[in-house]
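Dear colleague,

I am passing on a structure that may be new to you, and below it I have set out what was found. Please read the notes with the structure open beside them.

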Amino acid sequence: MSKTNSFYDTVDQIVTYGIEKKILHLFTEDVPFEGTKIMINGKQVLNFGSCSYLGLEFDERLKEGAIKAIKKYGTQFSESRAYVSVGSYKELEILLEKIFEAYCVITPTTTLGHIANIPVLVDDDDAVIMDQQVHNSVQTAVQIVKARGVHIELVRHNRMDLLEERIKELRQKHKKIWYMADGIYSMFGDCSPVEKIYEFLERYPEFYYYVDDAHGMSIHGKHGRGFVLSNHRIHSRMMMVTSLNKAFASGGGVMVYGDKEWARKVGTVGGPLLSSGPMQPSGIGAAIAAAKIHLSDEIIEMQERLQDNIQFTLLLLKKYKLPLISKAGAAIFFVGVSLPKLGHNIVRRMLDAGYYVNLGVFPTVPMKQTGIRFTITRLHTFKEIESMITKLAEIFPLAMVEENVTLQDIYKAFRIAMPEESLLVDRENSLIKTTGSLTVEHFKTIHDIDQQIWDKLFEGKGTFDWGGLDVLERAFKGNSLPEDNWLFDYLLVKDLKGNVIAATFFTTGLWKDDMLSPAGISEQVEAKRKTDSYYLTGKVICAGSLITEGEHLYIDYQSSQWKEAMQLLIEKAYSLQDLYEANHIVFRDFHGIHHELDNLLADNGFFRLTMPDSHVIEGMEWKTSEEFYHTLSINSRNHLRKKVLRHKDQFDIDIIEGKVPQKTLDYWYRLYLNVKEKGLELNTFALPRKLFKAISEDHNWEVIQLHLKDRYAQELPCCVIFCYKSGRAYIPMIIGMDYTFNAKFGIYRQALYQVVLRARQLGMEKILLGFSATIEKKKIGARVVPTFAYMHARDTFQLEVLSSISKVSAASN
Amino acid sequence: MINITRVEYCRFSLKGRLRLLDLFGELVFEKITPNREMGVFKLNDFYVAVIKDLEMNSVIEASPLWTVDQLQFYFSQ
């Protein structure tokens, strides 16, 4: 599920929350620092967040190199490399070619390196397969070739079996198949299976390897040439980009080629090398000094000391049985915490205790795979590492209790078997206390819930009062298609007095992942679904359903326990997610943002999505259509007069309640499909026929039917609107139309107008008009209601595939 | 104290081993000959023999002892 800008809104929400908690966007104090200590917020802390793994940035030779270069060439040399470069550039390239024993081109950053490389190396008829977790900078550069129509795919992280399957298939159509991956992944610190990839290079002549080894640079291999090249020479069908900005400690990037012609060509025509500025003198000066160290035996000692620190860290993590998520190949460690709230809690406590560690949080990792990410450098002493990990082990269970997260939850979130015994579990058990002042009541059918209790909470909010849900339960079971069968779960959280503090109902069913994507994206996905009906679909647990609109979550914000109640609801949703093996959980249709609820959901691994606006007509005190006319703005009156009232007499209007013949139902269904097929803004599966039958048999529903009269008269109606009556709210939920004369007579507008008149006739107080057609709905007096949803994705692979489609669409637009 | 096995200890470089012994090792035996200084440390539940070359003034070995015979060998020197 995605929507334009939603991703950025979500990231903004998460990062802003981290800033508010004072663990992101921090600054060091304006005082000199050296080694492992930095000053943050007036306090000296041990830094466990640096990617300068060898600590070379404090080496006097690098500092001198930078100073000398500035004195020699100034603070910058502002000319494109296509014209002229400072002489030291050549010297550095020669040194780097010695380090890598391959052809090298320097670039100001690795990101620019990818942007220079990928469009030049990848031809239009090539195929690109990206590892799901390949660095964002590679994915960004791939968008450029995607816009040219290059075939792009994602493959699940490090799944060499799936990669080989794809190579075998794609080699039939493509001369070159590029696999793009990282050497060492920047978040979890795990490694690419390089041996297997080299096997593929030998086995498949069409296979090309493009790798970003930024986090492996300097700390592995002869002369510090990196993790990927630590056991192999560069292959002739291989290209590596690596960073001089991490353990190399000088800034910049270097592109390493197995093919001399590639180096020449990218150096000649690679976009940023033609038109962007070069790496600057200070960086070049430092890099030359760093390169000389890499070419000396000194690098071996440095690497050894770092490796000792890594081994020591692993011993301590094992000692305290902290949930280390991957076998570290670099100096990056990731201790899983599952939910962001636990991550925030621990990072904050660590900072207070004098240790700076990173929060690994969405979007760099999936929402429920938040973790404490920390790095170890050569400069750390064993004592410093020991004190930090001991503190982490001390804090961990305390924070777990505070945030009500168990070790089991953590291992489950990362799909790792929990170790049999754990020191932490013992401590946790001794600390956890249950308050037990709230209870969750869970029902599988609305019939087990007292209608008065339910309707007190939800009547007038949508088509999900007791009666509405009864219809849905009957319609969405026993159908032949999987998407037409839903599971229902009703949850009520009550306090000791029996007051409902929070309540909702969940439906679990198959959704299209592109439901909220722009129509252009859905068009592409639908094209694939012609041969693979369930492509990019997945099981979703939704608070609400695909057919209901409105605020499906009841919270008594007056209660001092509403947050605890929500917490229980969320935990229940997680357990249902496990039970039903659903990928996503969605809480939908929030009208506006409640700041505290927003934070609570973010803490629990949910991100906010912007949904299409909803619409409501309120203040229906008017008595006649004339009075209604005068409630509208001047523009809307003009519109109503010219586009609606002018054609009003062309229509016969009928209100149909109760059973209708099957033939009528079939026709209505055809009209519904006309509308469904036309609009992809909210891309869902078509509703089942059975729903229409259930609706026609239910006294809360009625159908407004429009017939054209006179010479345009047809035997069959041109429009039907299925409307639900819930308390004093009127809810037109489904529309079906014959578009033949829509342009001529404004059938849709007429339908909206008739809905308004009918609602008034029934004495309704408001009309819930739902999503889409904002302009038309505003013109008949509707208020626009910004609407949001919250989503938790267990596995983001399908969303990433969808996002990659979105990006190419955006790029080609 | 640190939980470490002999195999894990062997993953450390010579300098790393000395850093470990410095922090967690307990010297149980020491002997100086004209050329060498020998020490046996207890680390967790095993012993480590450290040999320093006095002429070069550097430690040349810090290896774990795998058998009782090896341990006795050092004590009998």
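Two strands are said to pair if DSSP finds at least two bridges between them. With that in mind, and remembering that this is a predicted model, you will find in chain A an open sheet of 7 strands, with mixed pairing and the order E3-E9-E8-E7-E6-E4-E5. Its edge strands, each of which pairs on one side only, are E3 (103-107) and E5 (151-155) of chain A, and the twist averages 20° from one strand to the next.

Within this sheet, strand E6 (residues 177-182) and strand E7 (residues 207-212) of chain A run parallel and are joined by 6 bridges, with Tyr179(A) standing opposite Tyr209(A) in E7(A).

Two helices of chain A lie across strands of the sheet. Helix H4 (residues 110-121) of chain A lies across E3, E7, E8 and E9 of chain A, running at about 165° to E8(A), while helix H6 (residues 160-170) of chain A lies across E4, E5, E6 and E7 of chain A, at about 160° to E5(A).

As for how the chains meet, 9 residues of chain A are in contact with 11 residues of chain B. H11(A) gives the most to the side of chain A that touches chain B, with 7 residues, and by class that side has 2 nonpolar, 2 polar and 5 charged residues.

In chain B, helix H2 (residues 14-24) has buried residues, among them Arg17(B) and Leu20(B); what covers the buried residues of H2(B) includes H11 and H13 of chain A, together with H1, E2, E3 and E4 of chain B.

With best regards

Conventions
Residues numbered from 1 in each chain as written. Chains lettered and ligands numbered in written order. Predicted model: local features only at pLDDT ≥ 70, side-chain atom pairs only at ≥ 80, totals over all residues. Buried ≥ 20, exposed ≤ 12 C-beta atoms within 10 Å, placed from the backbone. Helix = DSSP H or I, 4+ residues; strand = E, 2+ residues; numbered from the N terminus. Contact = placed C-beta atoms within 7 Å. Nonpolar A, V, L, I, M, F, W, Y, C, P; charged D, E, K, R; others polar. Axes fitted to C-alpha atoms, helices over the stretch in contact; angles between N-to-C directions.
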